[in-house]
Amino acid sequence: MHKPMIDERQLCARFARPSMARALWQLTSTLSGFIALWMLMAWSVRAGWGYGWTLLLALPTAGLYVRLFIIQHDCGHGSYFASRRANQWVGACLGVMTLCPFGYWKKTHAVHHGTSGNLDRREFGDVHTLTVREYRTSSRWSRLCYRCYRSMPVLLGIGPIYQFVLKHRAPFGLPLSWKREWYSVLLNDLMLVVVGSACSFAFGWQTLLLVQAPVLLLAGSAGVWLFYVQHTFEHAYWARQLDWQPGQAAIAGSSYYDLPRVLHWFTGNIGYHHLHHLSPRIPNYHLRAAFLSNPQLQRAPRLTLRSSLQCVGMKLWDEDRQQMVGFPAI
């Protein structure tokens, strides 16, 4: 007789415990590395090395920028430190560096976790997805807008600039009743003015722009791509409210992005996304160990760098076939 399978959340429980030593080491090493590389980029601009060298340095700098965002992300889930106050302060400070107001992002991301894969609750924090039926009944103008929105140049090029530079400065889609979240946005904007002015005074606004712009664009594009492939793949999970199951949405609706180890490092293990959705209290530095601990925790749609490129063509959810399809398929 086969033993009954243990609930996946029970298997995750022992990994949902923060480690002060690992958290501090990850934070200090990532932050110091980012600052050192950022300063080297600024020096390369002022020393007249040639902007090509600056752009080359932007690659690892952007990688560390993504890693810092993942640390902020964990603070938002209250999983990075055991201390609620430490999570709050570190998350808020990193929010100034990542241009992402901590309180605002924490709230909207929590909504994403509570509604991911729910067709009747496509709300904050999702890549907007239409069903085949909705697309067919839309006006020609709406179809054109949706096609533009779902195109990779817009998602990976314009999207990060809009998201981090514009939307997070004044998120007018946010309910006015969310006073704490609005306060976090205004405070973040104020700190950005202070820090931006100080950096402009120290390095010159031209240097600041030439350094920060490529880092932000590369890191933002990588972040959007990661989020996209983690929820947009052929046999993803979408269901109406009556049939929607949180556990199923976590395991079947979030991919395991099987990346090379160095990319797992730069992206803070967010590739183990099914485990993150299953148990958001697991800090990123425990996700790999959790994944390897039990075969039952490895049951998730697997994507590699190569196979993830197929996700580019996934545009609409077909409710009849229960899979993502592209525009030509309808």
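Keep in mind that the model is predicted.

**Stop 1: get your bearings.** How many cavities of 30 Å³ or more does the structure hold? There are two, and we'll visit them in turn.

**Stop 2: the largest cavity.** Select Ser116, Asp126, His231, Thr232 and Trp238, then show their side chains. The cavity has 14 lining residues, and these five are the closest to its centre.

**Stop 3: helix H10.** Now highlight residues 205-231, which make up helix H10. This helix gives the largest share of the lining of the largest cavity, with three residues.

Stop 4: Clear your selection and pick Ile70, His73, Asp74, Gly268, Ile270, His276, Ile282, Asn284 and Leu287, the residues that line the second largest cavity. The space inside is about 30 Å³.

**Stop 5: the helices around it.** Which helices each supply at least two residues of this lining? Select 51-76 for helix H3 and 284-293 for helix H14, and you have them both. H3 gives the most, with three residues.

**Stop 6: one last colouring.** Colour the lining of the second largest cavity by type as well. Here you'll get four nonpolar residues, four polar ones and one charged one.

Conventions. Residues are numbered from 1 along each chain as its sequence is written. This is a predicted model: local features need pLDDT of at least 70, side-chain atom pairs count only at pLDDT 80 or more; totals for chains, interfaces and linings use all residues. Side-chain values use heavy atoms; hydrogens and water are left out. On a 1 Å grid over the protein atoms alone, a cavity is a set of points where a 1.4 Å probe fits but cannot get out, and a pocket is an open set with protein on both sides within 12 Å along at least five of seven lines; lining residues have an atom within 4 Å of a point. Grid points are joined across faces, edges and corners, and a volume is the space filled by probe spheres set on the points. Helices (H or I, at least four residues) and strands (E, at least two) are DSSP runs, numbered from the N terminus. Ala, Val, Leu, Ile, Met, Phe, Trp, Tyr, Cys and Pro count as nonpolar, Asp, Glu, Lys and Arg as charged, and the others, Gly among them, as polar.
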